[in-house]
Amino acid sequence: MIRIQLPDTPGSLGSVATAMGTADADISAIEIVEQGDDYVIDDFMLTLPPTTMPDTLVSACDMLDGVHVLWLSRHQENWSIESDISALNRMSADPQHSAEILCGAVPVVFHTQWSALFDADEQVIISTALAPEFTPEGIARLTPMDCCHVAELEAGWMPGWGDTIIAAVPLSGGRCLVAGRQGGPEFLPSELNRLQHMAALAN
C-alpha cells in the first residue's frame, strides 16, 4: 500500500499511475482517503515484481510536481478493500452483532493491521487475527477508552511489537474499539471522523 498526496487537478491521477507504471507497479485498487481544497490523499494497492525496489516506486512518484509519498508499507497477501457503506450495510443487516462486524471490518476499510473491541471493564470482547495478545500492561497503554483519541506507542509497548499508531473510539455500553497500524501511517482527521461515525451506529 502506498499513500500519496497529489494535486486535485485534472490529469494528476493519470500522471501518478504512469509514474507507477515506470516502476513496473501493477495497480489493483485506488481509494480516496481525504480531499482538501486543492489536494487529494489516495491509497493505492499495488503489486510489485521482486526485481523492483520500493525506493524506485517512491522516487518515480516524488519526481512529479505537487506529489508527495506519505507512506509505503507491505500488506497481507490476501488483502481486499471495502467501503464504509458496504460495512454499514452488513452492520444494519445484523444489528445485534454490529459492533463485532465493525471490529472485523476496520482493518479492511481503514487499512490497519488489526482492531479489537473492549468491554466496559477493558477486557477484549473480540479481536482480529493479527491483533496482539493483549496483556494488562498493553491494554493500559490504549487508554483512555471513554473518549476518541489517537496515540503513538513506542516499540516494546507490547512484547515483540514495534512502533504502533492507534485510534480509539468509544461505543455504547462503555465499550471501545481500538485500531492499530504498526509503524503508520498516522490516522488522518477524515479517517477518525469516519470511524467515529461508524462506531456511533454500532449497537
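**Aromatic cluster and sheet**

Modeller: Ring pairs link W114, F118, F134, W157 and W161 into a cluster. This is a predicted model, where local features need pLDDT of at least 70, side-chain atom pairs need 80 or more, and totals for chains, interfaces and linings use all residues. Residues are numbered from 1 along each chain as its sequence is written, and side-chain values use heavy atoms, without hydrogens or water.

Biologist: How many aromatic pairs are there?

Modeller: There are five, counting Phe, Tyr and Trp (six-membered) rings with centres within 6.5 Å (planes under 30 degrees apart are stacked, over 60 edge-to-face, the rest tilted). W114 and W161 make an edge-to-face pair, with 6.5 Å between centres and 80° between planes.

Biologist: What does that pair tie together?

Modeller: W114 is in strand β5 (residues 114–118), and W161 is in the loop between β7 (149–153) and β8 (164–170), so the pair joins parts 47 residues apart in sequence. Strands are DSSP runs of E, at least two residues, numbered from the N terminus.

Biologist: Is W114 buried or exposed?

Modeller: W114 is buried, at 0% relative accessible area, and W161 is buried at 17%. Buried means under 20%, exposed over 50%, partly exposed in between (1.4 Å probe, protein chains only).

Biologist: Now the sheet: what is the strand order?

Modeller: The open sheet of five strands runs β6-β5-β9-β8-β7, with antiparallel pairing (at least two DSSP bridges per pair). β6 (124–127) and β7 are at the edges with a single partner strand each, so one side of each has no neighbour in the sheet.

Biologist: How many bridges join β7 to β8?

Modeller: Five bridges join these antiparallel strands; H149 has A168 in β8 as its bridge partner.

Definitions and conventions. Helices (H or I, at least four residues) and strands (E, at least two) are DSSP runs, numbered from the N terminus.
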